[in-house]
Amino acid sequence: MPLPAPLLPLAARPREAAVLVDFDGSISAIVDDPASARVLPAARDALAALIGTFATVAVVSGRPVEFLARAIDLPGLTLVGQYGLERMVDGRAVVDARAEPYLDAVAAAADELERELPDLLVERKAGVAVTVHWRTAPDRERAALDVVDAVARRHGLTVYATKMARELRPPVPADKGTAVEALVAGATGACFAGDDRGDLDAFAALERLAAAGRLDHAVRVAVGSAEVPAELLAQADVAVDGPAGLVTLLEELAGAATRTPR
């Protein structure tokens, strides 16, 4: 497919542009067990083609960065995890210092969630957050929400909504939007591709930066699926059909940037 028009300015000036993508549902298929998620080989290849051509190529995810590093294993790729609370720096996972006072509370909350919701998947995320999943038991959503909200209140944690899951995390003002703002500093153009509610923060950040004149070109890409939030599609400048559609888009972006005389 031809490169969508909103992305042409990024391909024309790739050394001044950032390409940012989500992980689950964007470059990896959604799966019942988060531990079994795998990056699409073609997505990894497409990201590799962008690295070295664009100023910044990054994955911004709710996953721990050590998981992302193992799953993608791509030199030159910037990794931001835990919705902005973690970043991989020189091969080491660095946690936002503001989250550290809450790590004991996260661990205690995880223990309680495992006791109170023994039939659901409770995912401990490198000690920085904990997520309760009900994808394999959708009838348990209401019960899970009640327990999650109560546990969060007891431990002073924030509840973060994701697809068929809820995450408890430190009450620190960090999200995909703050991560995007940091990653695109100095760029003239940027795009972000995602498929979930947490990606709305990234979309909003791009919109703010463009409105403030800090980005000449900001492109929001929605990765479509049966579960994609309607708000994400409504705010997108470009929509693609699932991870395979995003792979094609990234391939076209890399090709167009390579063909552009500089």
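Q: How many salt bridges does the count come to?
A: The model is predicted. A salt bridge here needs a side-chain nitrogen of Lys or Arg within 4 Å of a carboxyl oxygen of Asp or Glu. By this rule the count is 20.

Q: How far apart in sequence are the parts that Glu 112 and Arg 154 tie together?
A: The closest N and O atoms of Glu 112 and Arg 154 are 2.7 Å apart, and the two residues form a salt bridge. Glu 112 belongs to helix H4 (residues 103-116) and Arg 154 to helix H5 (residues 141-155), so the bridge joins parts of the chain separated by 42 residues.

Q: Is Glu 112 buried or exposed?
A: Buried means a relative accessible area under 20%. Glu 112 has 13%, so Glu 112 is buried.

Q: Which elements does the salt bridge of Arg 124 and Glu 114 tie together?
A: The side chains of Arg 124 and Glu 114 meet at 2.9 Å, N to O. Arg 124 counts as partly exposed at 41% relative accessibility, and Glu 114 is partly exposed at 36%. The two residues are 10 apart in sequence, so the bridge ties together strand E6 (residues 121-125) and helix H4.

Q: Which residues are linked with Asp 22 in a network of salt bridges?
A: Side chains of opposite charge can pair when their charged atoms come close. In the network that includes Asp 22, the linked residues are Lys 176 and Asp 199.

Q: Over the ring of which residue does the charged end of Arg 169 sit?
A: Arg 169 forms a salt bridge with Glu 167, with the closest N and O atoms 3.5 Å apart. Both Arg 169 and Glu 167 are buried. The charged end of Arg 169 also lies 5.1 Å from the centre of a ring, that of Tyr 160.

Q: How many aromatic pairs are there, and why is the pair of Tyr 83 and Tyr 160 tilted?
A: The count comes to 3 aromatic pairs. For Tyr 83 and Tyr 160, the ring centres are 4.4 Å apart and the planes stand at 50 degrees. Planes under 30 degrees apart count as stacked and over 60 as edge-to-face, with the rest tilted.

Q: Where in the chain are Tyr 83 and Tyr 160?
A: Tyr 83 is buried at 8% relative accessibility, and Tyr 160 is buried at 12%. The two are 77 residues apart: Tyr 83 is in the loop between strand E3 (78-81) and strand E4 (86-89), and Tyr 160 is in strand E8 (residues 158-162).

Q: What kind of pair do the rings of Phe 192 and Phe 203 form?
A: Phe 192 lies in strand E10 (residues 189-194) and Phe 203 in helix H7 (residues 199-211). Phe 192 is buried at 0% relative accessibility, and Phe 203 is buried at 0%. Their ring centres are 6.5 Å apart and their planes stand at 85 degrees, so the pair is edge-to-face.

Q: Which strands stand at the edges of the open sheet?
A: The sheet has 8 strands in the order E5-E4-E3-E2-E1-E10-E11-E12, with mixed pairing. Each edge strand has a single partner, so one side is left without a neighbour in the sheet; these strands are E5 (92-95) and E12 (238-241).

Note on methods: Residues numbered from 1 in each chain as written. Predicted model: local features only at pLDDT ≥ 70, side-chain atom pairs only at ≥ 80, totals over all residues. Heavy atoms only, no water. Phe/Tyr/Trp six-rings, centres within 6.5 Å; stacked < 30°, edge-to-face > 60°. Helix = DSSP H or I, 4+ residues; strand = E, 2+ residues; numbered from the N terminus. Buried < 20%, exposed > 50% of the residue type's maximum accessible area, 1.4 Å probe, protein only. Lys NZ or Arg CZ within 6 Å of the ring centre and 35° of its normal. Pairing = 2+ DSSP bridges.
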